[in-house]
Amino acid sequence: MEYGKKVTKPSCSSLKHLYQIHAHIITSGFHKDGFLISEILRVCALLPFGNLNYARLVLFRELNPKASSWNHVIRAYSKSKSPREALVVYVEMRKSRITPSELTFPFLFKACASLLAVKEGKQIQVHALKFGVSSNVYVQNGLINFYGSCREVNDARRVFDGMLIRTVVSWNSIVTACVENSMFDDSLLLFSDMRGFGFEPDSTTMVILLSACAELGNLSLGRWIHCQVIEKGLLINCQLGTALVDMYAKCGALYYARLVFDRMIERNVWTWSAMILGFAQHGLAQEALKVFEGMKINNVRPNYVTFLGVLCACSHARMVDEGYRVFHDMTHSYGIKPMMTHYGAMVDVLGRSGKLEEAYDFITRMPIDPDPPVWRTLLSACSIHDVTDSTSVGMKVRKRLLELEPERCGNLVMVANMYAEVGSWEEAANVRKVMKDLKLKKMAGESCVEVGGLIHKFFSGDDTRDCCEGIYQSLADRGY
DNA sequence: GTAGGGTTAG
């Protein structure tokens, strides 16, 4: 069972009771009571032990279901694994000439957000207008979330700016839209506007902003938000605690991540995973593995993210056998089907340990087609361990990558380097010329780090900054 | 005489 979350296990008897009650309603002639049917549908569609298919069947067999009956089923589909069904049910609802209510639209927008269905969402926005609920605050919040998820921040902003009544949720939604679309400055401006308008940020606001700090590596801001949390006396619940652990870990402040982690009363699978990944990504493999053990002792079931962290720890610690064992356990003991990223992580485990042939074999035996990042993981291992000659793993990988993405600039650079390494200067120059003719230019990789309130941006290959010498010296002192 | 809605986690 997930830590800190009350989970009602699917129980046959509960569902059986529900069927019995439904049968009773029918036999005693109460099935014409729209409210009763709507309640049956609510329980059946939305509660953990329910049966959405059954709810849908009941709904479609009803002669004249109330709008609330439709809403319950649409809502359940909008958060299910098949959100498209929410739209299908809505179409049926319209065919039955039932007028949607202000409660129908937030669920439809949620479905469109998960589907990234911009066109459909916009059509539904027109419906909301037609049915006179477009100024409802829930409908508008739903619209902001929909546009934000579909990367249409300007539209999200337009909805937000046009709102006459806003709630904290409206502010949180627009801040989320900015953060998710990497508009961090705007998100901070909105945060300050929010308080200017007299809205108290809640723990969700803080979670959103902390995720922005984590992404930016902005430790000062993250700390300041932590102070705000304490100052406001906000309860550090599971989500907020996890966001703090994640922020500190991503900003490299593992000590503070651990401190927050240890003080949390409730931890769920995300909390443990954030801590494991934090240690793993910063090379503290043993710490990461210890936390993983702790997680198991506390009976928290690992999920796919947890295993990414554990595999990452194994690759940093060059623990090949442990890596294989973890990969095997993930599927066979925990029933988690490996995703592309897990295969990539396993390739990294093998590659970093210099087992290039084995990694190559592993990729060729994958049950799904390896994507370019998986090949690139092996390539980066090759750049450390491989000796380039015409039969090397590195050479095979490069050829494969070029077949997969012939127009990717990075691959062309790579091929040019490959020719250069084996001394085929003419061919190397040819590839460079092709790139020049096609006006292809490789974007430099960039990263940023915050020190003393200032954000420093670094571009790959740019050694011209004043501080470079000091950084290289500091790395050399640490044996890199 | 009848209830339900949103945001967050690699």
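## Meeting the DNA

Counting the atoms of DNA strand B within 4 Å of the protein, 33% belong to sugar or phosphate and the rest to bases. Keep in mind that this is a predicted model. Around DNA strand B there are 26 residues, and the closest are Phe35, Ser68, Asn71, Val169 and Thr204. Sorted by class, that surface has 10 nonpolar, 10 polar and six charged residues.

Some of the polar contacts go to bases. Asn71 puts a polar side-chain atom 2.6 Å from a base nitrogen of DNA strand B, and Tyr138 has one 3.3 Å from a base nitrogen. As for who supplies the surface near DNA strand B, the elements giving two or more residues are α4 (67-78), α6 (104-115), α8 (137-149), α10 (168-180), α12 (203-216), α14 (238-250), α16 (269-281) and α18. The top contributor is α10, with four residues.

## Rings on rings

There are 17 aromatic pairs in the structure. One of them is Phe60 with Trp70, a tilted pair at 6.0 Å centre to centre and 45° between the planes. This pair links distant parts of the chain, with Phe60 in helix α3 (residues 52-61) and Trp70 in helix α4, 10 residues apart. Phe60 counts as partly exposed because its relative accessibility is 37%, whereas Trp70 is buried, with a relative accessible area of 2%.

Phe292 and Phe307 make an edge-to-face pair, 5.9 Å centre to centre with 70° between the planes. Here too the pair links distant parts of the chain: Phe292 belongs to helix α17 and Phe307 to helix α18, 15 residues apart. Phe292 is buried at a relative accessible area of 5%, and Phe307 is buried at 1%. Elsewhere, ring pairs tie Phe160, Trp171, Phe197 and Phe199 into a cluster.

## Charges over rings

A couple of rings have a charged neighbour. Arg267 lies over the face of Phe261, 4.6 Å from the ring centre. Lys396 has its charged end over the ring of Tyr360, at 4.2 Å from the centre.

## A loop asparagine

Asn303 is in the loop between α17 (285-297) and α18 (304-316). Is this residue, Asn303, buried or exposed? Asn303 counts as buried, because its relative accessibility is 15% and the cut-off for buried is under 20%. Leaving out residues up to four places away in sequence, Asn303 touches Val269, Trp270, Ser273 and Ile336.

Notes: Residues are numbered from 1 along each chain as its sequence is written. Chains are lettered from A and ligands numbered from 1 in the order in which they are written. This is a predicted model: local features need pLDDT of at least 70, side-chain atom pairs count only at pLDDT 80 or more; totals for chains, interfaces and linings use all residues. Side-chain values use heavy atoms; hydrogens and water are left out. Buried means under 20% relative accessible area, exposed over 50%, partly exposed in between (1.4 Å probe, protein chains only). Contact means heavy atoms within 4.5 Å. A residue is near a molecule or strand if one of its heavy atoms lies within 4 Å of it. A polar contact is a pair of N or O atoms within 3.5 Å; within protein, one must be able to donate a hydrogen and the other to accept it, and residues adjacent in sequence count only if both atoms are side-chain atoms. Ala, Val, Leu, Ile, Met, Phe, Trp, Tyr, Cys and Pro count as nonpolar, Asp, Glu, Lys and Arg as charged, and the others, Gly among them, as polar. Rings of Phe, Tyr and Trp (its six-membered ring) pair if their centres lie within 6.5 Å; planes under 30 degrees apart count as stacked, over 60 as edge-to-face and the rest as tilted. A charge sits over a ring if NZ of Lys or CZ of Arg is within 6 Å of the ring centre and within 35 degrees of the ring normal.
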